[in-house]
Amino acid sequence: MTVTEAARVDERAAAQGSAARQRLDGWTFVLWSAVVLIPAMALAAANWTDDLGLVPWITTAGLGLGALLVISRFHGRAAFLLGVGYGLVILLWRLTDTLDPGMGWRERAIDLAARVATFVTVVLAGEPSRDSLMFVLAMGIAFWGMAVLGTWWVFRRGGLWLAVLLPGLAVFLNVYYSRYGSRLQIYLPAFLLVALALIVRTELSGRRRGWELRRAQVSSDVSSRITQAG
């Protein structure tokens, strides 16, 4: 590769990084974070089992990593592998903290791996598992995926409905089936309000980009009017 070609590659990468940073609108990210965190907090409040309070923490970490991946120069497979790798490290770290503190970190990691292997064996045999930590692990994986992949999908791919549908389904099922359903009812309207605000915000951002591309002349108060209509 010549010096000129290398300079062009660097310029192209810098342009891609700048475009990605422009996609991560601050208020949109705040609304999206609330969309994912509300179901996570509802799950912890439902108290299906011990240690579900880890799920909002894991979700917050996933949102942070997702934002970093969006503004980075990584694409596709590389971003996916980073998300999976960091997810495994964070889940291992947080779940081993719930085990016997008398054991060393290595022993706790081995114990967790053995419990996961036992869980997989039991499930494949068609028998029920009574290990509550595996439910926490499953919820941690699910919300980590929604946080990281959802952030990438919303801000890099410009998608929204699939990203909002999964957290919406999670909060609905949790409120519907929870024995503390009446106590959790506030989470569903809160989620709907934030989700609708996110939809309005992304629609407005999309229209603004369209106006800029077409160099259209629009009223100065059009943004506030669209927000009020939403």
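**Figure 1. Contacts and overall composition of the predicted model.** Of the contacts in the protein between residues at least 6 apart in sequence, 68% link residues at least 24 apart. The structure shown is a predicted model. Its secondary structure consists of 10 helices and 0 strands, and the order of elements from the N terminus is α-α-α-α-α-α-α-α-α-α. The protein has 230 residues, of which 37% are buried.

**Figure 2. Packing of helix α2 against helix α7.** Helix α2 comprises residues 26–46 and helix α7 residues 161–177. Their axes lie 9 Å apart and form an angle of about 20°. Because this angle falls under 35 degrees, α2 is classed as roughly parallel to α7. The two helices cross in a left-handed sense. On the α2 side, the contact is formed by Trp 32, Val 35, Pro 39, Ala 42, Leu 43 and Ala 46. The α7 side supplies Ala 163, Val 164, Pro 167, Ala 170, Val 171 and Asn 174. By class, the contact of α2 with α7 holds 11 nonpolar residues, 1 polar residue and no charged residues.

**Figure 3. Packing of helix α2 against helix α6.** Helix α6 spans residues 132–155. The angle between α2 and α6 is about 165°, and their axes are 11 Å apart. Since angles over 145 degrees count as roughly antiparallel, α2 is roughly antiparallel to α6. The crossing of α2 with α6 is right-handed. Residues contributed by α2 are Thr 28, Phe 29, Trp 32, Val 36, Pro 39, Ala 40 and Leu 43. Those contributed by α6 are Met 139, Phe 143, Met 146, Ala 147, Gly 150, Thr 151, Val 154 and Phe 155. The contact of α2 with α6 contains 12 nonpolar and 3 polar residues, with no charged residues.

Figure 4. Trp 32 belongs to helix α2. This residue is buried, because its relative accessibility of 0% is under the 20% limit. Trp 32 takes part in the contact of α2 with α7 and also in the contact of α2 with α6. Beyond its neighbours within four places in sequence, Trp 32 touches Leu 63, Met 146, Ala 147, Gly 150, Thr 151, Val 154, Phe 155, Ala 163, Val 164 and Leu 198. One of these partners, Thr 151, is 119 residues away from Trp 32 along the chain, yet the C-alpha atoms of the pair are 7.8 Å apart.

**Figure 5. Packing of helix α3 against helix α6.** Helix α3 covers residues 54–71. The axes of α3 and α6 are separated by 8 Å and meet at an angle of about 25°. With an angle under 35 degrees, α3 and α6 are therefore roughly parallel to each other. Their crossing is right-handed. The contributing residues of α3 are Leu 54, Val 55, Ile 58, Thr 59, Ala 61, Gly 62, Leu 63, Leu 65, Gly 66, Ala 67, Leu 69 and Val 70. From α6, the contact draws on Val 136, Met 139, Gly 140, Phe 143, Trp 144, Ala 147, Val 148, Thr 151, Trp 152 and Phe 155. In the contact of α3 with α6 there are 17 nonpolar and 5 polar residues, and no charged residues. Leu 63 of α3 is also among the contact partners of Trp 32.

**Figure 6. Thr 49 in the loop between α2 and α3.** Thr 49 is located in the loop that links α2 to α3. Its relative accessible area of 15% is under 20%, so Thr 49 is classed as buried. The side chain of Thr 49 forms a polar contact of 3.4 Å with the side chain of Ser 132. When neighbours within four places in sequence are set aside, the contacts of Thr 49 are with Ser 132, Phe 135 and Val 136. Among these partners, Val 136 also contributes to the contact of α3 with α6.

Figure 7. Phi is near 55° at Asn 47, a positive value in a residue other than glycine. At Asp 51, likewise a residue other than glycine, phi is positive and near 70°. Asn 47 is partly exposed, with a relative accessibility of 37%. Asp 51 is also partly exposed, at a relative accessible area of 36%.

Notes. Residues are numbered from 1 along each chain as its sequence is written. This is a predicted model: local features need pLDDT of at least 70, side-chain atom pairs count only at pLDDT 80 or more; totals for chains, interfaces and linings use all residues. Side-chain values use heavy atoms; hydrogens and water are left out. Axes are lines fitted to C-alpha atoms, for helices over the stretch in contact, and angles run from 0 to 180 degrees between N-to-C directions. Helices (H or I, at least four residues) and strands (E, at least two) are DSSP runs, numbered from the N terminus. Angles under 35 degrees count as roughly parallel, over 145 as roughly antiparallel, 65 to 115 as roughly perpendicular and the rest as oblique. A crossing is left-handed if the near helix is turned anticlockwise from the far one by less than a right angle, and right-handed if clockwise. Contact means heavy atoms within 4.5 Å. Ala, Val, Leu, Ile, Met, Phe, Trp, Tyr, Cys and Pro count as nonpolar, Asp, Glu, Lys and Arg as charged, and the others, Gly among them, as polar. Buried means under 20% relative accessible area, exposed over 50%, partly exposed in between (1.4 Å probe, protein chains only). A polar contact is a pair of N or O atoms within 3.5 Å; within protein, one must be able to donate a hydrogen and the other to accept it, and residues adjacent in sequence count only if both atoms are side-chain atoms.
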